[in-house]
Amino acid sequence: NAVFGQPQGTSLQERVKEEFGMVIPEISAPLPSNGLTYPVDSPLHQKTEVNLRGMTTREEDILTSRALIAAGTVLTHVLRSCLVDKKIDVQNLLSGDRNALMTVIRISGYGNLYTVKDLECPNCEKKFEHTFDLSRLPISRLDLKPVEIGQNLFDFDLPISKKKVQFRFLTGRDEEEITQANKKKKKMEFEIQNLVSTRLQYCLVSVSGNTDRAAISRFVQGLPAGDSRALRNYIEKHEPGIIMKDMLECKYCQEESEVGIPLTATFFFGSDDM
């Protein structure tokens with residue numbers, strides 16, 4: 001608090017309201033997981049939505065922090081700053097929940113239109129500018145029952161090896177660790193960065209009851225490709241979140257393709273700001 005010149009126990013919202021009569025709005029945002037994967041002692045347990053504070057210049061300062069951008073934690077800090085309930089552990093949020101909340105925060109700060117300058121066509125690989133309407137993106141609610149309510153744990157039977165595995169959906173902490181690991185591999189000029197196997201190793205919790213991490217790592221490396229694809233498709237199909245994809249027609253080849261909407265620090269700025 002002292003950093004911002006606020007009295008102990010007084011929030012920024014309270015000070016701004018007291019001194020200028022200006023109210024920083026709060027908004028309700030969907031929680032696609034319905035809170036089913038968070039433990040009983042979590043403030044998110046079985047919650048379908050959470051309250052966020054609208055973006056201010058404080059969040060803009062965070063978004064332009066070179067140190068946070070380099071560390072890959074800038075979005076985590078923005079989300080933590082905007083959450084009304086400070087007891088929520090931002091890094092333990094499922095990635096899909098985080099994406100939904102970040103989209104609501106972005107709309108609250110800069111509106112629903114998001115322009116990407118260098119969007120690449122999957123068909124002809126040419127780049128062009130396109131504006132997405134974020135307010136039209138659908139929410140995919142969790143439609144799987146976890147092994148137990150309050151646990152991020154789900155069953156799946158591999159079709160080829162016939163092994164019974166348990167997996168979890170990735171969290172913000174997982175995504176940050178994977179990103180940093182990939183950066184290190186790039187710096188060391190690894191020819192193969194193991195993107196598929198790394199994510200599977202983070203997702204898999206047990207194989208036929210075996211929870212040893214070293215054993216699971218070896219299992220993933222030797223997993224039949226058909227099993228790998230089946231599991232990844234199943235996770236992608238059922239992962240709760242906001243669907244960060246849209247169909248668009250390429251201005252060059254006129255082919256209609258599904259493209260992903262990038263969710264990075266630049267997500268919060270219009271094309272004129274880049």
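## Close-up views of a predicted model

**View 1. Three strands make an open sheet in the order β6-β7-β8, with antiparallel pairing.** Please keep in mind that this is a predicted model. At the edges sit β6 (154-157) and β8 (204-207), each of which pairs on one side only. On average, neighbouring strands of this sheet are turned by 25° against each other, direction ignored.

**View 2. Here we look at β7 and β8.** Strand β7, residues 164-167, pairs with β8 in the antiparallel sense over three bridges. Within this region, V165 stands opposite V207 in β8. Helix α7 (residues 195-203) packs on the sheet and touches β7 and β8; the direction of α7 makes about 75° with that of β8.

**View 3. Helix α9 (residues 225-238) lies across β6, β7 and β8.** Helix α9 runs at about 145° to β6. For aromatic residues, look for the cluster in which ring pairs link F154, F156, F167, F169 and Y234.

View 4. Searching the whole structure turns up eight aromatic pairs. The ring centres of F267 and F268 are 5.5 Å apart and their planes stand at 90°, so this pair is edge-to-face. Over the face of F267 lies R106, at 5.9 Å from the ring centre.

**View 5. The largest nonpolar core has 61 residues.** Those with the most contacts inside this core are L79, I105 and F268. Leaving aside neighbours within four places in sequence, I105 is in contact with L52, M55, V78, L79, C82 and F268.

Notes
Residues are numbered from 1 along each chain as its sequence is written. This is a predicted model: local features need pLDDT of at least 70, side-chain atom pairs count only at pLDDT 80 or more; totals for chains, interfaces and linings use all residues. Side-chain values use heavy atoms; hydrogens and water are left out. Rings of Phe, Tyr and Trp (its six-membered ring) pair if their centres lie within 6.5 Å; planes under 30 degrees apart count as stacked, over 60 as edge-to-face and the rest as tilted. A charge sits over a ring if NZ of Lys or CZ of Arg is within 6 Å of the ring centre and within 35 degrees of the ring normal. A nonpolar core is a set of buried Ala, Val, Leu, Ile, Met, Phe, Trp, Tyr and Cys residues joined through side-chain atoms within 4.5 Å. Buried means under 20% relative accessible area, exposed over 50%, partly exposed in between (1.4 Å probe, protein chains only). Contact means heavy atoms within 4.5 Å. Two strands pair if DSSP finds at least two bridges between them. Helices (H or I, at least four residues) and strands (E, at least two) are DSSP runs, numbered from the N terminus. Axes are lines fitted to C-alpha atoms, for helices over the stretch in contact, and angles run from 0 to 180 degrees between N-to-C directions.
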